Amino acid sequence: MTTNQQTKPEKTDAVPGAPLLEVDDLHVEFRTRDGVAKAINGVSYSVSAGETLAVLGESGSGKSVTAQTIMGILDMPPGVITGGEIRFHGRDMLKMDKDERRKIRGKKIAMIFQDALSALNPVYSVGFQLAEMYRVHEGMSRKDAKARAIELMDLVKIPAAKERVNDYPHQFSGGMRQRIMIAMAMALDPELIIADEPTTALDVTVQAQVMDLLAELQRERHMGLILITHDLGVVADVADKIAVMYAGRIVEHAPVDKLYSSPAHPYTEGLLASIPRLDLKGQDLYAIKGLPPNLMRIPSGCAFNPRCPYAQDICRADVPPLIEVAPARHSACHFAQQVLDKNGGS
């Protein structure tokens with residue numbers, strides 16, 4: 001089968017209009033000798049076929065832990081899932097046995113990791129590693145699996161794929177290695193891709209190329225995409241909606257255009273203000289004061305209150321719920337309406 005003949009996956013489990021994936025009130029903690037780190041504190045989000053959800057936040061906000069929990073690759077122990085559901089096509093994966101989860105992982109839901117050099121095995125050629133997916137999951141012969149590996153390399157636009165199929169990971173540039181990671185994720189025609197910081201180690205030009213490739217493949221195959229990143233600039237042109245995380249909670253959730261034009265949470269406001277802008281050339285970049293909290297000692301009330309310019313007594317006493325502040329817009333801030341109004345939002 002040639003690259004052009006590859007077809008979209010059959011959506012046999014799909015219910016029209018229903019989300020592919022629903023994360024509902026997820027709680028995860030890490031129990032260590034030093035104490036309990038509450039990494040995920042009631043996260044809820046969903047993503048549908050053909051939709052891109054960007055999950056934003058600083059390091060330690062819980063973005064990757066949520067993804068690892070969805071994929072079933074969370075280190076347990078010390079990680080412990082203490083509550084919530086993760087539903088794929090309406091079925092709670094946390095209640096499935098290992099064999100059921102394994103059938104979903106890779107074949108239905110695939111993940112692209114941020115460090116391709118670490119994720120790829122240095123002692124095997126990239127062609128061998130790509131072909132392994134077909135040999136293990138599809139029972140293909142070595143010859144057929146290698147042919148499919150070449151097709152995948154062509155699919156992700158690696159030049160001279162047939163000549164380079166026997167090359168090793170270290171022989172490829174960072175951008176090409178990331179394309180190979182995308183190829184591995186695409187191998188079994190998944191319905192949902194989770195991309196965890198897929199462009200972090202790449203220069204700006206290569207970042208754009210990788211993101212364009214992901215967006216193109218998603219459109220062609222009508223996949224759901226969860227894009228995990230700390231970089232607001234990466235997601236502006238590809239995301240449909242954004243969930244902003246802080247200290248293990250979602251603090252704002254909105255369509256991408258609304259969030260960029262008028263944030264409704266002080267943390268989002270600070271992140272947007274810290275993006276370099278040409279019209280502010282020569283001025284110091286804005287920085288959110290302080291540091292993210294220690295997850296073993298999350299501040300009382302709103303976790304962002306020690307860093308927040310809007311903070312008042314209620315912020316130090318009560319945890320703000322994530323509530324709708326405008327159509328399809330949610331914010332977890334006692335002063336969300338004030339922030340939204342200030343930024344001209346609705």
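Student: At which residues does UniProt place the feature "domain: ABC transporter"?

Tutor: This is a predicted model, where local features need pLDDT of at least 70, side-chain atom pairs count only at pLDDT 80 or more, and totals for chains, interfaces and linings use all residues. Residues are numbered from 1 along each chain as its sequence is written, and side-chain values use heavy atoms, without hydrogens and water. UniProt annotations may be inferred rather than shown by experiment. The unreviewed entry places this domain at residues 21–272.

Student: Why is helix H1 largely enclosed by the rest of the structure?

Tutor: Helices (H or I, at least four residues) and strands (E, at least two) are DSSP runs, numbered from the N terminus. H1 covers residues 63–71. Buried means under 20% relative accessible area (1.4 Å probe, protein chains only). H1 is largely enclosed because seven of its nine residues are buried.

Student: Is strand E8 mostly buried or exposed?

Tutor: E8 spans residues 224–229. One side holds Gly224, Ile226 and Ile228; the other holds Leu225, Leu227 and Thr229. Both faces are covered.

Student: In E8, which residue is the bridge partner of Val55?

Tutor: Two strands pair if DSSP finds at least two bridges between them. Strand E3 (residues 52–56) and E8 pair in the parallel sense over five bridges. Strand E7 (residues 192–196) also runs parallel to E8, joined by five bridges. Asp196 has Ile228 as its partner in E8. For Val55, the partner in E8 is Ile228.

Definitions and conventions: Buried < 20%, exposed > 50% of the residue type's maximum accessible area, 1.4 Å probe, protein only.
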